[in-house]
Amino acid sequence: MKYYIIAGEASGDLHGSNLMKALKQKDPQAEIRFWGGDLMKAQGGILVKHYRDLAFMGFLEVAMNLRTILNNIKFCKEDIRKNKPDILILVDYPGFNLRIAKFAKELGIKVVYYISPQLWAWKESRVEIIKKYVDEMMVILPFEENFYKGHGVHSHFVGHPLLDAIAGLKDISAEEFKKENGFNEKEIIALLPGSRKQEVEKMLEIMLSVRPHFKDYQFVIAGAPSLPKEFYQKYVDDNVHFVSNRTYDLLRCSKAALVTSGTATLETALLNVPEVVCYRGSKISYAIAKRLVKNIKYISLVNLIMDREVVKELIQNDLNTKNLVEELNKMIEGEKRNQVLADYSLLREKLGGKGASEKAADVILSI
């Protein structure tokens with residue numbers, strides 16, 4: 001069967017790669033064209049466009065790059081029309097993917113959505129688009145299935161694919177990891193500042209401001225695959241290091257982490273690392289988002305899934321050096337750290353077992 005997959009961000013590349021692996025195991029004759037990244041490319045198939053050419057952050061950045069976005073949509077439609085896939089698989093990335101869903105459906109192509117846009121938070125009206133143009137919605141958060149069924153959309157909760165990615169990890173020694181990467185012997189505080197240049201620059205400045213208060217620790221930046229190593233060099237010194245494409249290894253060797261909101265907050269929790277969640281957008285983008293987002297108390301997936309504060313979220317003006325130091329100290333030792341680790345166990349239970357990629361592949365093949 002001929003598959004066409006569109007993932008527009010780093011997290012989509014991860015989940016898309018695991019889905020590709022499962023599809024190829026179940027359908028040895030699978031022909032796959034995709035928009036994604038290096039992880040999907042490693043699974044074979046034909047890479048049409050890399051996500052680093054697609055990802056724009058915030059309302060202002062989207063507006064400034066509107067012509068590029070529209071050209072990408074046009075190119076995608078032409079590529080789908082030319083290659084005539086049997087099924088289109090959309091991975092999150094709603095602004096782009098919902099336009100493509102309509103186009104593909106009108107061509108008679110089956111459309112599956114894997115990993116739902118966060119319509120329960122904002123733009124709930126998009127549910128009607130999904131209801132009209134998507135044949136099957138596969139969700140990865142427990143509460144999303146009831147949300148869609150309440151809107152008359154056929155949906156499956158397949159479990160969270162991060163459990164698959166983490167389950168296959170080999171044991172790692174923190175001492176060997178430090179030696180291999182030229183780090184010193186101090187315990188590590190991991191910094192996960194995001195994946196887009198604009199975001200990383202903004203977050204690293206505030207994250208690294210805590211350094212004078214944690215002289216007994218070394219800081220290690222998790223590099224984004226979409227950014228070159230040279231970009232990070234201005235932040236590196238004797239006690240600030242950098243690794244690329246080894247985020248999971250870094251987290252498993254870390255005492256605690258400062259994490260920009262997004263999928264990384266859940267990855268950090270599932271790897272059992274106490275964290276402080278950080279977010280700061282432009283004043284205009286944040287003001288717009290705050291008006292649009294409805295009835296959502298949290299920004300991190302950890303807290304959203306648990307429906308209570310498990311990890312501390314420092315947002316906008318609350319994200320400052322004083323608050324970061326205070327909350328990071330709690331994650332390094334003490335009662336709060338122990339409570340967070342206990343809550344992580346409950347989080348894993350709530351997400352169900354591994355096998356999301358295989359379940360998703362079964363649903364896709366069934367239609």
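So, secondary structure to begin with: this chain carries 18 helices and 13 strands. Do keep in mind, everyone, that we are looking at a predicted model. Its radius of gyration comes out at 20 Å, close to the 21 Å that the globule rule gives for 367 residues, so the chain is as compact as a globular protein of that length. If you like to think in boxes, the C-alpha atoms fill one of roughly 60 × 45 × 40 Å along the principal axes.

What about the inside? Of the 367 residues, 52% count as buried. The largest nonpolar core has 126 residues, and Leu88 and Tyr114 are the ones that touch the most other members. Helix 5, residues 94-106, gives this core its largest share, with 6 residues. And here is the part I enjoy: domain 1 and domain 2 both give residues to this core, so it lies between them.

On contacts, take those between residues at least 6 apart in sequence: 66% of them join residues at least 24 apart.

A quick word on cysteines. How many disulfides does a search of the whole structure find? The search gives 0. Cysteine 76 is buried, at a relative accessible area of 0%, and cysteine 253 also counts as buried, at 8%.

Last, the surface. The chain exposes about 16,900 Å², and carbon and sulfur atoms supply 48% of that. Thanks, everyone!

Terms used:
Residues numbered from 1 in each chain as written. Predicted model: local features only at pLDDT ≥ 70, side-chain atom pairs only at ≥ 80, totals over all residues. Heavy atoms only, no water. Disulfide = S-S within 2.5 Å. Buried < 20%, exposed > 50% of the residue type's maximum accessible area, 1.4 Å probe, protein only. Core = buried A, V, L, I, M, F, W, Y, C linked by side-chain atoms within 4.5 Å. Helix = DSSP H or I, 4+ residues; strand = E, 2+ residues; numbered from the N terminus. Domains from an automatic or database assignment. Rg over C-alpha atoms; globule rule 2.2 N^0.38 Å. Contact = heavy atoms within 4.5 Å. Areas by Shrake-Rupley, 256 points an atom, 1.4 Å probe, with all protein chains shown as cover.
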